[in-house]
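These are my notebook entries on a model that I looked through chain by chain. The sequence and structure come first, and the entries follow.

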Amino acid sequence: MAKALIRVPPQARRGEVIEIKILISHPMESGQRRDEMGRVIPRDIINRFVCLYNGEEVFGAEFFPAIAANPFLAFFTVATASGELVFRWTDDRGTTESEAASITVV
Amino acid sequence: MSRGPRSPFRPTRREFLAATALGLALPPAFLRAAQASPESAAAAMKAVTGGAPLREGKVTLEIPPIAENGNSVPLTLAVDSPMTPAEHVRSIHLFAEENPLPNVARFTLGPRAGRAQVSTRIRLFKTQKILAIAALSDGSFWSASAEVVITLGACLED
Amino acid sequence: MPGASGFSLGGATLLTLFLALSAAGQGPAPPARIRAEDRRSGYHFQSPETQAMQDDDAANPGFLWVLEGEALWRMAAGPAGASCAGCHGDAAASMKGVAARYPAFDAAAGRVVNLEQRITRCRAERQQAPPLAYESRELLALTAYVASQSRRVPVQVAIDGPARPFFEAGRDFFSTRLGQLNLACRHCHEDHWGGQLRGDRLSQGYGNAYPIYRLEWQTLGSLQRRLRSCNIGVRAEPYPYGAQEYVNLELYLAWRAQGLPVETPGVRR
């Protein structure tokens, strides 16, 4: 798919509610546009995003073509334990892109 | 190519001329597949609630009343909820009444979210009403809406 | 002057002359520079939401290209496997201030070049790597990465010496009427900056935030893409990418912007 930018605080206190920001590069072709010959450019979007915290899904999103290109999300999660946050995007073709970030919870 | 990709919903001159050449002064939206309407948005919302009552409150939809460009309109959705295992937001659904498709996004939360707040950027075809529905753990549904005006830029690039 | 009974020959000549002068791409107007205290980046003519998008590195889509540029900087290219980093080391140190002084006169090329052209030349000559096309993902990423190393550095370009004729050509272009709408850059961006043109507030026309993430494009794009769009906007046939006319204009715009900080990657509507 492409590059992703993740903003996760590297460290948090146990029980603290932290904000996560993610940006991924994707044109999110809506299926509404036409090319210069007038042909419809087929839909091709990221349709699903999940955030897993030490393997458990803590946030999920289903995207439709009305989500802007290079999708941006800011959401929250409770810092429960040290470990790994995994971010996974899936597109219309079923291709997935994953990124991970570590978090230390004190 | 000499020009970059066009805005997803804005008609090109070619499309507009084609419509007018046929003697039809139709709004460019008719050149595309059937567009959403408040009725189809209502149907999409009913699919979420199953016909359960939709209460106003608890949900705030922060979105600019005038958007500079319909390609990317930032918004923040928040639901007033303690987000405990006993009382939390299960999901938040977003709809645009007059986009080609009424559904915009669905977010699934739960007690591990800590705070029921999501920010993203959406595409809006034209000036319209945006609606948000929060489904709570007790089975209730709460909603909020906002009107967004989409302006036309100064210079057309096509 | 035309008489009551119709045009005299003299009057017709005067009228023709007047019309010819107003319609033709006449010579440069006296430089009506925007005073330093009134100088405002295009940032100031965006909505608060668009400004917020630029201000937050985690929300600014331009950083997706900066991130990619960082990877390309370290990547080997060409038969010798040379990378940008191989010669230039850490970009944060070696590239700081570079974008703030471009476009610049390039002795080897014998003309003023912009940052994209300087990068492309390095790739061709030092790395012997395949050329990067304008608006290609790679060139945008590298340009954004290099230019972002000059964030907050004030724009300061040289317009003297060998750069002078190119500066003057850019200055003249800025005041030249173009297209079916018969407008010059200065009509909007100097005479009417801050004014409302449909939904947009007119900026002063600077390139200090480029390459920018433009909401209209839904992607990152170069200053030349924007200049071509502006030309199309007044219904003029745009010059091709890399045209010296645009590079000269970029130099003039940079001179007009001097003192404003580089903002790359900017976010604009």
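**Entry 1**

I began with C:Gln218, which I located in the loop between strand E5 (212–214) and strand E6 (219–221) of chain C. Helices (H or I, at least four residues) and strands (E, at least two) are DSSP runs, numbered from the N terminus. I noted that the model is predicted, that local features need pLDDT of at least 70, that side-chain atom pairs count only at pLDDT 80 or more, and that totals for chains, interfaces and linings use all residues. Residues are numbered from 1 along each chain as its sequence is written, and chains are lettered from A and ligands numbered from 1 in the order in which they are written.

The phi of C:Gln218 is positive, about 60°, although the residue is not a glycine. Most residues other than glycine have a negative phi, and most peptide bonds are trans. Is C:Gln218 buried or exposed? I record C:Gln218 as buried, because it has 24 C-beta neighbours inside 10 Å. A residue is buried if 20 or more other C-beta atoms lie within 10 Å of its own, exposed if 12 or fewer, and partly exposed in between, with C-beta atoms placed from the backbone.

I then looked up C:Arg235, also not a glycine, and read a positive phi of about 65°. C:Arg235 sits in the loop between helix H10 (223–233) and H11 of chain C. C:Arg235 is partly exposed, because 14 other C-beta atoms lie within 10 Å.

**Entry 2. Cis peptide bonds**

I found a cis peptide bond between C:Tyr102 and C:Pro103, with omega about 5°. C:Pro103 belongs to the loop between helix H5 (91–94) and strand E1 (104–106) of chain C. Another cis peptide bond joins C:Thr264 to C:Pro265, with omega about -5°. I placed C:Pro265 in the loop between helix H11 (244–256) and strand E7 (266–268) of chain C.

**Entry 3. Chain C and its helix packing**

Chain C holds eleven helices and seven strands, and 43% of its 269 residues count as buried. I examined how helix H3 (residues 62–74) of chain C packs on H7(C): the angle is about 95° and the axes are 7 Å apart. Axes are lines fitted to C-alpha atoms, for helices over the stretch in contact, and angles run from 0 to 180 degrees between N-to-C directions. H3(C) is therefore roughly perpendicular to H7(C), a term for angles of 65 to 115 degrees.

The residues of this contact divide into nine nonpolar, three polar and three charged. Here Ala, Val, Leu, Ile, Met, Phe, Trp, Tyr, Cys and Pro count as nonpolar, Asp, Glu, Lys and Arg as charged, and the others, Gly among them, as polar. Among those that meet are C:Trp65 and C:Leu72 in H3(C) and C:Leu140 and C:Tyr145 in H7(C).

**Entry 4. The nonpolar core**

Which residues have the most contacts inside the largest nonpolar core? I list A:Ile67, B:Ile92, B:Val104, B:Ala134, C:Val146 and C:Leu251, in a core of 123 residues. Such a core is a set of buried Ala, Val, Leu, Ile, Met, Phe, Trp, Tyr and Cys residues joined through C-beta atoms within 7 Å. Helix H7 (residues 137–148) of chain C gives the most to this core, with eight residues.

Leaving aside neighbours within four places in sequence, I found B:Ile92 in contact with residues including B:Leu77, B:Phe107 and B:Val118. Two residues are in contact if their C-beta atoms, placed from the backbone, lie within 7 Å.

**Entry 5. Where chain A meets chain B**

I counted 30 residues from chain B and 25 residues from chain A in this contact. On the chain B side, helix H1 (13–21), strand E6 (103–108) and strand E7 (117–122) each give two or more residues. That side divides into twelve nonpolar, nine polar and nine charged residues.

Strand E5 (residues 56–63) of chain A runs antiparallel to E6(B), joined by four bridges; strands pair if DSSP finds at least two bridges between them. In this pairing A:Ala61 stands opposite B:Phe107.

Strand E6 (residues 72–78) of chain A pairs with E7(B) in the antiparallel sense over two bridges, and A:Leu73 has B:Thr120 as its bridge partner. Within chain B, six bridges join the antiparallel strand E4 (residues 73–79) to E7(B), where B:Leu77 stands opposite B:Val118. I note that E7(B) is largely enclosed by the rest of the structure, because five of its six residues are buried.

Terms used
Parallel < 35°, antiparallel > 145°, perpendicular 65-115°, else oblique.
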